[in-house]
Amino acid sequence: MAAPRQSLRSLMDEFEGGARRWIRSWQLNEATGWGEAEEAAAKAALQSETDGMMDAAVYLVTAAREIAHRRGGGASPLVFLSHCGADKGSYAMPLRREMKHAGVVSSLQQVFCDWDMEVGGNPVWNMVRAAVLCRSAVCVLSREYLQRTWPVMELFIFLARHRQKQTVQARRSEAEVDPFSLVVDVYTRGSLAEAVAWNDHVLGMDVLWRLLP
């Protein structure tokens, strides 16, 4: 694997800028009262930003994996729980406990959450390392999630890994495939029918799984 041409910090800066542009495009698609031409243009702009974010995420995952391999470090998390701050207490924390009760993990420490990050550590690297090395990711999709920069960045990292896995599966043996799995859990605090439709149309996900009834 070729060495990354940029530092992780510069890659993350570019990725963050792309996430902010993507959020603005997504917000435009939430607007109502547009004519057919304006709506079509907004959807095309969102698709373009999505394609750009996916390309950037694929490169970031490749580079970060190499950096993680060189640096070493502790054990990788079994599950990465991705959520926005607004959904932390009402949904993400109970969901984490439910994962343990249901036997998805044997301890809460196997679930990576932003509130678990070590004081004094590098929060950017901690997040990236966990995102590119975790065995599974659970994204708590809500309207607020899709309007926050870091959750969107995490989502695209997971989607890049999901896409890479599908590509590798098509041409290699099962032993060589990244065992990563992605779960998108829709938090229906408000009406999110449009988010489900967006998720299927723009990102090409076939199924939305729910962990809890």
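Helices (H or I, at least four residues) and strands (E, at least two) are DSSP runs, numbered from the N terminus. This is a predicted model, in which local features need pLDDT of at least 70, side-chain atom pairs count only at pLDDT 80 or more, and totals for chains, interfaces and linings use all residues. Residues are numbered from 1 along each chain as its sequence is written, and side-chain values use heavy atoms, with hydrogens and water left out.

**Two helices**
- Helix H1 (residues 8–29) packs against helix H2 (residues 36–71) at an angle of about 155°, and their axes are 9 Å apart; axes are lines fitted to C-alpha atoms over the stretch in contact, and angles run from 0 to 180 degrees between N-to-C directions.
- H1 and H2 are therefore roughly antiparallel (an angle over 145 degrees).

**Strands**
- Strand S1 (residues 79–82) and S3 run parallel, joined by four bridges; two strands pair if DSSP finds at least two bridges between them.
- Across this pairing, Leu-81 stands opposite Val-138 in S3.
- In strand S3 (residues 136–141), six of six residues are buried, meaning under 20% relative accessible area with a 1.4 Å probe, protein chains only.
- Ser-136, Val-138 and Val-140 point one way from S3, while Ala-137, Cys-139 and Leu-141 point the other way.

**Cysteines**
- How many disulfides does a search of the whole structure find? It finds zero, where a disulfide is a pair of cysteine sulfur atoms within 2.5 Å.
- The closest cysteine sulfur to that of Cys-134 is in Cys-139, 9.0 Å away, which is too far for a bond.
- Cys-134 counts as buried at 1% relative accessibility, and Cys-113 counts as buried at 0%.

Notes. Buried means under 20% relative accessible area, exposed over 50%, partly exposed in between (1.4 Å probe, protein chains only). Angles under 35 degrees count as roughly parallel, over 145 as roughly antiparallel, 65 to 115 as roughly perpendicular and the rest as oblique.
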